[in-house]
Amino acid sequence: MKSWKWPKHTILIVAIIATWIKTAIVYRTSFEFDLENGMQEFILFINPLSFLLFAYGISLFFKTEKARNRWIVITSMVLSIVLYTNVAFYRFFNDFITLPVLFQTSNFGELGTSVAEILNFKDLLYFIDVFVILLAIKYLPKMETLYSVRKEVRRAYFVLSLAVLFLNLGLSETERPQLLTRSFDRELLVKNIGTYNYHLYDIYIQSKSSAQRALADGSELVEVNNYVQANQAAINEDMFGKYQGRNLIVIQLESLQSFVLQNDMNGYEVTPFLNSLIHDKDTYYFNNFYHQTGLGKTSDAEFLLENSLFGLDRGAVFFTHSGNTFNSMAEKLGKNGYFTSVMHANNKSFWNRDMTYQSLKMQKFYDIDSYEVNEDNSVNWGLKDIPFFEQSAEIMTEMPQPFYTRIITLTNHFPFTLDEEDKMIPEYNSNSGTLNRYFQTVRYMDEAVKLFFEHLKEKGLYENSIIVMYGDHYGISENHNKAMAMYLEKEEITPYDSALLQSVPLFIHVPGSGDGRIIEKVGGQIDLRPTILHLLGIDTSNDMQLGADLFSDEHEDFVIFRDGRFVTDQYVFADQTCFDRATGEKVDIQGCAPYIERAQKELGYSDKIINGDLLRFYDEETGNLISEAVK
């Protein structure tokens, strides 16, 4: 009786199956995919296979068993790292990582307690296939003789790999037509083509973007400029230049969402000072205002404010296009006699700010070296907001006036931790530690803003300033929907609810004006630049911007999110579904159809400007294109 002989390619088969099964399990346990039918379940199950067949199959080109096994082990380790990186990133951002983000390594060292909150010992299980492969190599019988894989065997193997890929793409196309040409949704891509193929696609898109700049010319701006000019909102003559000559202080309120305002947590008021400003006679409060950031988060909020353009959908503009030509609000104010600066007690290289601020023509960056920072006045990501505001007010006394300074807070940042002496209210009592702590850090930030107003009054800076405050991005991601449903007393958080939860507060406080009121227009961060500049009497009619003055009678109730969702006064578009704004009920998609097309167009135009660095061809003073010869 002949003894059993293991097939020649046992280790290869073990590797493919082990990584396939592991990936399929990770999909179902670590990500939250919305699967609507059995076909989507099947696509999610098979989508890792084509890439795994290809990646591990390269081992067939090696001539020795040792070399083949080495390739298989290295490949399994790399794929495990890629998958796990996406898992860790998803825990924080509820999104999948992109190639530009992978190169933002200067940020990783700053994550500190945020990373500690995300990682745990059980995460070693994400590398279980590596251990399975190593055990198989150690304990399965070795081949008795060396052999080379015949060309026809390799050819048949890779034909099989391609067949599985085309099967995957074909089935995906039936579920989501034009998936690779129209999708703004990374989750949709991963759900259909898999994590590994998604990263290949992302590399292709990033390479395409790099080529766009090299091949771009000014003629591409003609269509964009025509659209911008046709959709400009007329200036409100009563508001234009109403506060000309005042200092401008813009405060980005880290991770502040509107749902905590005018609300309490188990009987404790969360934002007493900000609540008092809502009805203050000197404050314009916008109660239907939304963040429009992508993966760039805080840096995207900065970019939207400065340029009235969207960030990118694959990373942070501050990293990927820091050397572009821009027509920033800082540059505009600088040309009109303002001293311009940013105040943020963090390392200057974080989010590549030191480089990008140069392109934005920001005159001064007061980074961590401008502040006194020690263990006693720091928590979580760095200097606490209360001492930060106190030191910032002191620095402002040395600034030439009029000045524009943008202040970025830190304390209300994931994972929302505070020292005991700074906790002014108790934690919430949901199943989410993140949400539970969030109320405490928001309450601390509210107190810090209150004290900052007092410091400005003491320093004689308050009366001659405009103070603009807005939330920069969400603080509580969709990963905490169960806890949010509990707090908001809802059965569940629907895509409709999630879209409306992207609302962030906007305050424009003008001391001594007596003009304050609540404004219910639908608007977003992209509208801040023209709104602020017009209040200061600076014309933007020739500027390449996609936002509109919130005080204009022609401002449209329409705000686009970076992922393609949008909100109007009548509709909410989310999860490829049209909802009635007032009731949350699903309605005919035709109601949203015109806005869907416009949202795609505006996002596309913004991407075209950034990827092609098209503003280098544009003269904002005259509104004319700069000829190639002049450029």
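One disulfide (a pair of cysteine sulfur atoms within 2.5 Å) is present in the structure, which is a predicted model in which local features need pLDDT of at least 70, side-chain atom pairs count only at pLDDT 80 or more, and totals for chains, interfaces and linings use all residues. Residues are numbered from 1 along each chain as its sequence is written, and side-chain values use heavy atoms, with hydrogens and water left out.

The disulfide is formed by C578 and C592, whose sulfur atoms are 2.0 Å apart. The link of C578 and C592 is right-handed, with 75° about the S-S bond. It joins distant parts of the chain, 14 residues apart: C578 lies in strand β18 (residues 577-580), and C592 in the loop between β18 and α24 (593-611). Here helices (H or I, at least four residues) and strands (E, at least two) are DSSP runs, numbered from the N terminus. C578 counts as buried at 1% relative accessibility, as does C592 at 0%; buried means under 20% relative accessible area, exposed over 50%, and partly exposed in between (1.4 Å probe, protein chains only).

The structure also holds 44 aromatic pairs. Rings of Phe, Tyr and Trp (its six-membered ring) pair if their centres lie within 6.5 Å, and planes under 30 degrees apart count as stacked, over 60 as edge-to-face and the rest as tilted. The rings of Y290 and F561 are tilted, because their planes stand at 40°, with the centres 5.9 Å apart. Both Y290 and F561 are buried. The pair of F414 and F416 is edge-to-face, because the planes stand at 85°, with the centres 6.2 Å apart. F414 and F416 are likewise buried.
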